[in-house]
Amino acid sequence: MRKNIVAGNWKMNKTLQEGVALATELKSAVKNPKCDVIIGTPFIHLATVAELLKDTPIAVAAENCADHASGAYTGEVSAAMVKSTGAQYVIIGHSERRAYYGETYAMLKEKVQLALANSLRPIFCVGEVKEEREAGRQNDVVKAQLEGSLFSLSADDFGRIVIAYEPVWAIGTGLTATPEQAQEMHAYIRSLIAARYGAQVAADCTILYGGSCNAKNAASLFANPDIDGGLIGGASLKAEDFCAIIDAF
Ligand code: PGA
């Protein structure tokens with residue numbers, strides 16, 4: 001069944017103490033949300049925050065995981081380690097990871113498979129850069145990202161994926177995609193899923209929008225038939241802002 005989700009992505013922000021303070025605020029503020037709520041935190045927060053939010057409506061996500069199962073990969077954190085913290089989700093393929101850390105389709109495919117093998121649900125990010133949109137190539141780019149990392153999964157495994165469409169030109173820039181631009185891409189993504197896995201899998205897939213989504217624009221984005229919520233960066237760093245986005249549902 002398709003779910004509405006509001007997911008935060010703290011990125012590389014907040015010390016452990018600051019993160020615990022924010023999670024504590026959210027714990028008391030988010031009581032009966034009309035959507036699923038997830039917060040994506042740096043690795044160091046996961047265990048503490050997952051414990052703090054146990055038995056609440058708020059689930060926890062890692063922002064990344066390794067593309068290897070275990071072993072001599074100094075500094076990396078495996079999907080099994082993420083799972084052992086109590087996290088239920090992992091963000092994979094964020095544009096910042098693709099751009100700054102050279103994550104390729106093949107690496108992301110490994111990460112997705114390892115996440116699924118460890119009972120984590122991937123939140124898989126796709127999206128075009130500004131030049132690609134200006135050249136009218138956004139559909140081709142997103143299609144290649146899906147095909148390159150996800151479309152070799154079985155239908156059952158694909159059913160555990162949450163997609164986040166995040167146009168790179170809208171991330172952290174204040175330039176939100178218009179509801180029309182976002183809906184158009186979300187419908188296109190759903191049509192690709194339908195062509196690969198059939199209409200039911202496509203109808204059940206949650207597709208989030210990300211990129212300067214905030215309390216002001218969330219309701220008009222979420223009102224569209226193929227937009228099932230948001231992946232929120234900057235506006236997830238303050239409880240009040242994040243709660244206002246949750247309340248858009
Ligand atoms: P933003 O980030 O909301 O700050 O634009 C979204 C994201 O990168 O997930």
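A polar contact is a pair of N or O atoms within 3.5 Å; within protein, one atom must be able to donate a hydrogen and the other to accept it, and residues adjacent in sequence count only if both atoms are side-chain atoms. The views below show a predicted model, in which local features need pLDDT of at least 70, side-chain atom pairs count only at pLDDT 80 or more, and totals for chains, interfaces and linings use all residues. Residues are numbered from 1 along each chain as its sequence is written, and side-chain values use heavy atoms, with hydrogens and water left out.

**View A. Surroundings of the ligand.** The ligand is surrounded by 13 residues, where a residue is near a molecule or strand if one of its heavy atoms lies within 4 Å of it. Lys11, His94, Glu166, Gly172 and Ser212 are the closest. A polar backbone atom of Gly233 lies 2.9 Å from an oxygen atom of the ligand. From the side chain of Lys11, an N or O atom is 2.7 Å from a ligand oxygen atom. For Asn9, the distance from a polar side-chain atom to an oxygen atom of the ligand is 3.4 Å.

**View B. Helix 1 against helix 2.** Helices (H or I, at least four residues) and strands (E, at least two) are DSSP runs, numbered from the N terminus. Axes are lines fitted to C-alpha atoms, for helices over the stretch in contact, and angles run from 0 to 180 degrees between N-to-C directions. The axes of helix 1 and helix 2 (residues 43-52) come within 10 Å and cross at roughly 25°. Helix 1 is therefore roughly parallel to helix 2; angles under 35 degrees count as roughly parallel, over 145 as roughly antiparallel, 65 to 115 as roughly perpendicular and the rest as oblique. Leu16, Gly19, Val20, Ala23, Thr24 and Lys27 of helix 1 meet Ile44, His45, Thr48, Val49 and Leu52 of helix 2, contact meaning heavy atoms within 4.5 Å.

**View C. Helix 1 against helix 12.** Helix 1 (residues 16-29) packs on helix 12 (residues 239-246) at an angle of about 40°, with the axes 10 Å apart. This angle makes helix 1 oblique to helix 12. Leu22, Glu25, Leu26 and Ala29 of helix 1 form the contact with Ala239, Phe242 and Cys243 of helix 12.

**View D. Helix 5 against helix 7.** Helix 5 (residues 105-117) and helix 7 (residues 138-149) have axes 8 Å apart and pack at about 55°. Helix 5 is thus oblique to helix 7. Tyr105, Leu108 and Lys109 of helix 5 meet Ala144, Gln145, Gly148 and Ser149 of helix 7.
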